[in-house]
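Hi everyone, thanks for making time. Have a look at the structure on the screen, and I'll talk you through a couple of its features.

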Amino acid sequence: MRYSSVCSGRFVARPNRFIAQVETGEGIQTVHVKNTGRCRELLTPGAEVYLARGMNPGRKTAYDLIAVRKGDLLVNMDAQAPNQVFAEWVTPQLPEGAVLRREYSYGDSRLDFCVESAGGRFLIEVKGVTLEENGAARFPDAPTERGVKHIRELQRAAEAGLGAALFFVVQMEGMKSVAPNDETHPAFGEALREAAEKGVQVCAWDCAVTPESLSIRQEIPVLGVGKSASFRSRPRRLHCAPFPPP
């Protein structure tokens, strides 16, 4: 996916989850933050950020904050981007006749995608990852009861005989692994481990990131999801290949 009319600036402050103040060549701009997560380790005073001009002339903010530089690492923090890049990436890989449906209702949840083909249904929930620690990515960066609910729904689907996967889109390049952030939200990690044992595929791909673009790049291992695994001990690596199944 690509952005248009991108410019850089310096982060100043974030008055609330939805807006930030950024210093640009045109002065201080109030911009829309396309990620309602905490992002405390990213949005620090003086951090270099990238803004994309909004296309709607009637909106209150002229720009969206889409990316931030953390040291040498460029992180896309657009919460809408993971679903878009996933759809772009997976569509050419679908079996002949298969249909990719978005916002698919299953049980009590609305999951991001469902692939419908002659082989049946394959449910997919996509999670964007922006938290980095020592060259590894972790999710979530804040408690997410909604995320736990989605995992439980994927598990029920797998137990009912459907294909099911949780797909981490890591919105940065070069991470050596992804793992559940048990310190921040133990229930998410517990749910993910149980779901993996019940047949839910868990996989992660990192992204090539520029200020103007985001694209899925290569698969990276998911750690800490095995039955007896621990993020601090001897995690089992899970890979998602091929994905999705024919």
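I'll start with the cysteines and then move to one of the sheets.

One thing to keep in mind: this is a predicted model.

So, cysteines. How many disulfides does the structure hold? The count is zero. Take Cys 7, which is in no disulfide: the nearest cysteine sulfur belongs to Cys 39, and it lies 19 Å away. With the cut-off for a disulfide at 2.5 Å between sulfur atoms, that pair does not qualify, because 19 Å separates the two sulfurs.

Now Cys 207, which is in no disulfide either. Its nearest cysteine sulfur is that of Cys 203, at 13 Å. Is Cys 207 buried or exposed? It is buried, because its relative accessibility is 0%.

On to the sheet. What I'd like you to find is an open sheet of three strands, in the order E10-E11-E13, where the pairing is mixed. Which strands stand at the edges? Those are E10, residues 131-133, and E13, residues 178-180. Each has a single partner strand, so one side of each has no neighbour in the sheet. On average, neighbouring strands here are turned by 40 degrees against each other, with direction ignored.

Let's zoom in on one pair. Strand E11 covers residues 136-139, and three bridges join E11 to E13, with the two running parallel.

Conventions. Residues numbered from 1 in each chain as written. Predicted model: local features only at pLDDT ≥ 70, side-chain atom pairs only at ≥ 80, totals over all residues. Heavy atoms only, no water. Buried < 20%, exposed > 50% of the residue type's maximum accessible area, 1.4 Å probe, protein only. Pairing = 2+ DSSP bridges. Helix = DSSP H or I, 4+ residues; strand = E, 2+ residues; numbered from the N terminus. Axes fitted to C-alpha atoms, helices over the stretch in contact; angles between N-to-C directions.
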